Amino acid sequence: MQIYKAPLDEIRFILETFGYNELAGFEGFEDYDLDTAMAVLEESAKFCTNELLPLNRTADQEGLKYNPETGEVTTPKGFKELYEKFVAQGATALTAPPEFGGFGAPHTLGVLQTEFATATNKSFSMCPGLSHGLIDALLNSGTDEQKAQYLPNLISGKWSGTMCLTEPQAGTDLGLCTTKAEPKDNGAYSLTGTKIWITFGEHDLTENIIHLVLARLPDAPPGIKGISTFIVPKYKLDGSANGVMCGGLEHKLGIHASPTCVINFEGAEGYLIGEPHKGMRTMFVMMNAARLFVGMEGIALGEIAYQTAVAFAKDRRQSRSLDRKKIDKDAKADNILVHPDVRRMLANVKVSNEGMRALAYWAAMQIDVAHHHPDEAQRQLADDFVALLTPVIKSYGTERGFANISEAMQVMGGAGYTTDWSVEQYLRDARIGMVYEGTNHIQALDLIGRKLVQGQGRLYRNFSKHMFRFVKANKDNPELAEFTGPLEKAINTLNQTTMALGMKGMQDPEEVGAVGSNYLNLFALTAIAWTWAEQAKAALGKDSKFYRTKLKSARYYYSNILPETESLLALINAGKKNMMEFEAEDF
Ligand SMILES: Cc1cc2nc3c(=O)[nH]c(=O)nc-3n(C[C@H](O)[C@H](O)[C@H](O)COP(=O)(O)OP(=O)(O)OC[C@H]3O[C@@H](n4cnc5c(N)ncnc54)[C@H](O)[C@@H]3O)c2cc1C
């Protein structure tokens, strides 16, 4: 049984609370005021619930077929028709620029739409997800000719995209990439090499597959500074085959309907995108967009798992309430929602997920601000927020998302572990989020090693000030004191920890490596505390069940989740000493 209702009330509240109306006023977004945006999202939610969800379980069970003779991959029954309907609905074109056939909607709506698609069918959603990343990379780094050649068909969904980075010896360390690109007489390049684990590298949903490939030119310096990026279509623009072959499929824990392919480039013709040897710049545009979407995967699958656990808990009766007054005398046992521990688990999932969603959607809105605000300074500020928060959302969203699905499973006892309610599938499907698009620890290194030092700490200072502005503006409001006080303390703690870690890291980088993941989680919990304070303020004085529940949730976050920062602080203070004392032979 699969249970899902898109959280549209929740989404409207977040858009209202975190400034969607300002964004809708930017030039180019005239057609997307809040009501129109919600109408678009309602349609998308309906489509995902009615079309994507019914194929989620069957596709997971059926999996993919690979033909070693032809290298072809067949997707599960119904996927091809589903993709056609998805494309006909305009889903691949929603946020793309009108000059290439898109609808020009705010990027925020694309992120929201992805939440529904991921929750209802993560495997399927990965195909348009990768195309979206390639579209961004082309818009940023492609020549006018490349844009004209590839964007219209990618945006319409006729073609799909991939991201080809990983090789057997080059995972996290992409500087070890050995795929070769040799210049041809016609200005193109001949690519030879093997990429592994390429998502939707081969499939039968689209007429052509456009690969974005990392490779080395003959004069490339060693390491990451010698990587260039190429567009390599499966079929060339004249329709001829291009020496791109799928060499096999991986068998894996989850996302059984998403092909994870070995892709062999056998003298395939490729076209340089961006400058030679500066390929990581192009790839980072794609990866950064993708990282926010990956963070959303934890939130989306956490949501569907939560809804399933709530439905189960409201039905299941076991044992008696610890409080005699709550015992249901007409039944042999009480509903499990009477047990405080079941509530603890459900509240943990609900409140952490809503907080993460608020942070992720605020960041998504900042992407639109960064591109469309009339004021240059505001654009820069928003761009900084996005750069700083992207690794936080990717890592914390997927880690907490996975923990949340596990907790939802626990609420359901054995029924969560067995296949009937599909929560076990959500758990399996979510796990990859912590690994791909740069492992979660690599996100922590990106946060500390790149983002915190960028502009001599400008990104961090501005975000810290942004959170602190809420405290300052609301300090005298007694109704918000239960939030402003602890939030001020949390921000100060994060400021001090950031400074101290920066100093320690300059003397000994291993200190950063040892506690980086804990620091990222401390950062995330503090940033989410800010979003909950904003949400509490928006809910104050409003008399409806939705807002009253919001206030309860904000209180739960401050009493039961924010205190996790204390154990993280203890771990950060413990530093590297005791873990680095082990000899290799001790493991
Ligand atoms: C289902 C699936 C889909 C994928 N899709 C794609 C795709 O579409 N395109 C693509 O190019 N790739 C894809 N990948 C590959 C994915 O991006 C890599 O798995 C990921 O980047 C990690 O690389 P790795 O697996 O080689 O791990 P490794 O790099 O070998 O890392 C192993 C461990 O060592 C740690 N580690 C490594 N370096 C450091 C360091 N400097 N400091 C601290 N710790 C470190 C890592 O955090 C990790 O815990 C996919 C993988 C899977 C499983």
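**A walk from the whole chain to its ligand**

The chain holds 20 helices and 9 strands, where helices (H or I, at least four residues) and strands (E, at least two) are DSSP runs numbered from the N terminus. What you are looking at is a predicted model, in which local features need pLDDT of at least 70 and side-chain atom pairs count only at pLDDT 80 or more, while totals for chains, interfaces and linings use all residues. Residues are numbered from 1 along each chain as its sequence is written.

Let us start with the overall build. The C-alpha trace spans about 80 × 65 × 55 Å along its principal axes.

Now step in towards the ligand. Around the ligand there are 18 residues, of which Leu-165, Gly-171, Thr-172, Thr-199 and Thr-439 come nearest; a residue is near a molecule if its C-beta atom, placed from the backbone, lies within 6 Å of it. At least two residues of this shell come from each of β3 (159–164), β5 (189–199) and α14 (440–451), and β5 gives the most, with 3 residues.

Both domain 1 (53–89 + 121–277) and domain 2 (284–578) contribute at least three residues each to the shell, with domain bounds coming from an automatic or database domain assignment.
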